[in-house]
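User: I have a structure open and want to talk through its packing. Can you take my questions as they come?

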Amino acid sequence: MSDAAPEVEIYTDGACLGNPGPGGWGAVLMHPAKETEIYGGEKNTTNNRMELTAAIEALKILKRPVPVRIYTDSSYVRNGVTKWVAGWKANGWRTAAKAPVKNQDLWEQLDELAGQHDIDWQWVKGHAGNEGNERADALAGKGAREAADG
């Protein structure tokens, strides 16, 4: 993407209590005028689905196209959106091995939402003291625990 200064910085994370199992997602959106924390969960899901959902739900919050920097500790999400999606779409949502793309429903949503913004996707090491990532992780854990509790 471009070198435009981000107007919004977003930290996202997903968590699962068992994989599959009860899962949660969390995101922290940082704008110069406001910070927003969001989270949620599902009773039976996977960690990868929660990682994708965190990014999707964060992008849904944005009211207009803006430069965004998204930080994720998920190589699956970062590589998927920056390297793999274009090929999957060109191949009719099939992998290079001709298998159906896992989580296609979420990839399609993320691709559509990401296309509305100028996004700089950044990978950060999880559980390494990065404040934004730690906050998103805590929110994802809360969502997973609430999903587990019903």
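This is a predicted model: local features need pLDDT of at least 70, side-chain atom pairs count only at pLDDT 80 or more; totals for chains, interfaces and linings use all residues.

User: How many residues are in the largest nonpolar core, and which have the most contacts inside it?

Analyst: That core has 31 residues. Ile10, Leu59, Leu62, Trp107, Leu110 and Trp121 have the most contacts inside it.

User: Which elements each supply at least two residues of it?

Analyst: β1, β2, α1, β4, α2, α3 and β5 do. The largest share comes from α1, with 7 residues.

User: New topic: Met50. Buried or exposed?

Analyst: Met50 sits in helix α1. Its relative accessible area is 0%, so Met50 counts as buried, the cut-off being under 20%. Beyond four places in sequence, Met50 touches residues including Asp13, Trp25 and Glu42.

User: And how do α1 and α3 run, roughly parallel or roughly antiparallel?

Analyst: The axes of α1 and α3 cross at roughly 30° and come within 9 Å. Angles under 35 degrees count as roughly parallel, so α1 and α3 are roughly parallel. The crossing is left-handed.

User: What classes of residue make up that contact?

Analyst: The contact of α1 with α3 has 9 nonpolar, 2 polar and 3 charged residues. Leu52, Ile56 and Leu59 are among those from α1, and Trp107 and Leu110 are among those from α3.

Methods. Residues are numbered from 1 along each chain as its sequence is written. Side-chain values use heavy atoms; hydrogens and water are left out. A nonpolar core is a set of buried Ala, Val, Leu, Ile, Met, Phe, Trp, Tyr and Cys residues joined through side-chain atoms within 4.5 Å. Buried means under 20% relative accessible area, exposed over 50%, partly exposed in between (1.4 Å probe, protein chains only). Helices (H or I, at least four residues) and strands (E, at least two) are DSSP runs, numbered from the N terminus. Contact means heavy atoms within 4.5 Å. Axes are lines fitted to C-alpha atoms, for helices over the stretch in contact, and angles run from 0 to 180 degrees between N-to-C directions. Angles under 35 degrees count as roughly parallel, over 145 as roughly antiparallel, 65 to 115 as roughly perpendicular and the rest as oblique. A crossing is left-handed if the near helix is turned anticlockwise from the far one by less than a right angle, and right-handed if clockwise. Ala, Val, Leu, Ile, Met, Phe, Trp, Tyr, Cys and Pro count as nonpolar, Asp, Glu, Lys and Arg as charged, and the others, Gly among them, as polar.
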